[in-house]
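Subject: Model for your review

Hello,

Here is the structure I said I would pass on. My notes on its helix packing and its nonpolar cores follow below.

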Amino acid sequence: MNPGSPSPRAASDIPHAATLQDVAREAGVSLATASRVLNGSERKVAGAFRERVERAAEALGYTPNVSAQATARGHSPVIALLVADIADPYFGQIAAGVARGADEHGLVVTISITERDPERENRILRALRGQRPQGLILAASRADDAEAGSASAELEAFERYGGRVVAFGDLPGDGDGDAGVRTIVIDNAGGAEELGRRMAALGYRSAIGIGAAEGVRTSDDRLNGFARGFASGGGTMDRIHRGDFRRESGAEAMAAALEEGVEPGTLVFGMSDVVALGAMSAIRAAGRAVGADIAVCGFDDVSASGDVTPALTTVRVPLNEAGYQAFRAIVDDGWIQAPLPVEVVVRGSTPGLA
């Protein structure tokens, strides 16, 4: 050994990650008791012992081995949430509801972004299956096509490994094979139909729809529902411009409609508030007025809808509660969906026609 070089340390002096055995020894309890406290066992532990174990774990910096827990239980203390776009406030409110439930149960939520790409979604599902989350929540809007339907095999494999799947709306290709998948149903068609009736009652007779590509269920349900309700009051959906769920897409679709020509008194229905807000910006950019000249309405009632001027007429959906119910569907064996009522909220963007 060269002079001045550090002397080797004994193996016992080298710091190591605290183990469950270390915590049990520090707390003066059995390994089984320490495990029940720190690994979320349903068996009760006396309050005094629980406090001793928790203090020892904090003092030693103990972190549970999630991989070991997953092996022992068949799943990890994690809820996986798949959303299309985390920047969309629609998914942000759902995620907040899921996180509220997870916090109540001491679980962790991981969020993955699918970008509404079926291939990307399948890759995420395969990766998640290896991590064995306790549950999987699919919140992204889905398309009725064969490529999206290929996710069924991944979901069936996930359930075989003991995970529970919850989806917003029906899965593509639903049938007996998906009987174990629980669904959170939002009345998109009914809410949009009521909105259409209310807009016709305000005197509007000509409407333009802005939606996603055909086959995307949320968009189709809302556009078709609105058209039915509007027609029942004497209105007509003259044309539909299609894009995606981004604000920019709403602005582009509205700009295209304006190039074709939009008469004063026309009503624009954006299939989501985010899309409708984009349409409002395009109307202003063209030197037209929102409300008195071209009326606009949306769906979801995200927070920004009440902040713009004029405020956006929309359909209020309890998205936070929907996220919370999705979490409960993971952890409650006897879960039954509670009502998620939707409500039309009329604001200044649709002042009505004399």
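A nonpolar core here is a set of buried Ala, Val, Leu, Ile, Met, Phe, Trp, Tyr and Cys residues joined through side-chain atoms within 4.5 Å; buried means under 20% relative accessible area, exposed over 50%, and partly exposed in between, with a 1.4 Å probe and protein chains only. This is a predicted model, in which local features need pLDDT of at least 70 and side-chain atom pairs count only at pLDDT 80 or more, while totals for chains, interfaces and linings use all residues. Residues are numbered from 1 along each chain as its sequence is written, and side-chain values use heavy atoms, with hydrogens and water left out.

Cores

The largest nonpolar core has 45 residues, of which Ile137, Phe168, Phe226 and Leu267 touch the most other members. Elements giving two or more residues to this core include β1 (76-83), α5 (89-104), β4 (164-168) and α13 (319-331); helices (H or I, at least four residues) and strands (E, at least two) are DSSP runs numbered from the N terminus. The largest share, seven residues, comes from α13. A second, separate core of 24 residues includes Met254, Ala257, Leu258 and Ala282.

Helix α1

The buried residues of α1 are Leu20, Asp22, Val23, Ala24 and Ala27, and they pack against α2 and α3.

Helix α1 (residues 20-27) and helix α3 (residues 47-60) pack at about 120°, with axes 8 Å apart. Axes are lines fitted to C-alpha atoms, for helices over the stretch in contact, and angles run from 0 to 180 degrees between N-to-C directions. That makes α1 oblique to α3; angles under 35 degrees count as roughly parallel, over 145 as roughly antiparallel, 65 to 115 as roughly perpendicular and the rest as oblique. On the α1 side, Asp22, Val23, Glu26 and Ala27 meet Arg52, Val53, Ala56, Ala57 and Leu60 of α3. By class, this contact has six nonpolar, no polar and three charged residues. Ala, Val, Leu, Ile, Met, Phe, Trp, Tyr, Cys and Pro count as nonpolar, Asp, Glu, Lys and Arg as charged, and the others, Gly among them, as polar.

With helix α2 (residues 31-38), the axis of α1 comes within 9 Å and crosses at roughly 110°, which makes α1 roughly perpendicular to α2. Here Leu20, Gln21, Val23 and Ala24 of α1 meet Leu31, Ala34, Ser35 and Leu38 of α2. The classes are six nonpolar, two polar and no charged residues. After α1 comes Gly28, with a positive phi near 70°.

Regards

Terms used:
Contact = heavy atoms within 4.5 Å.
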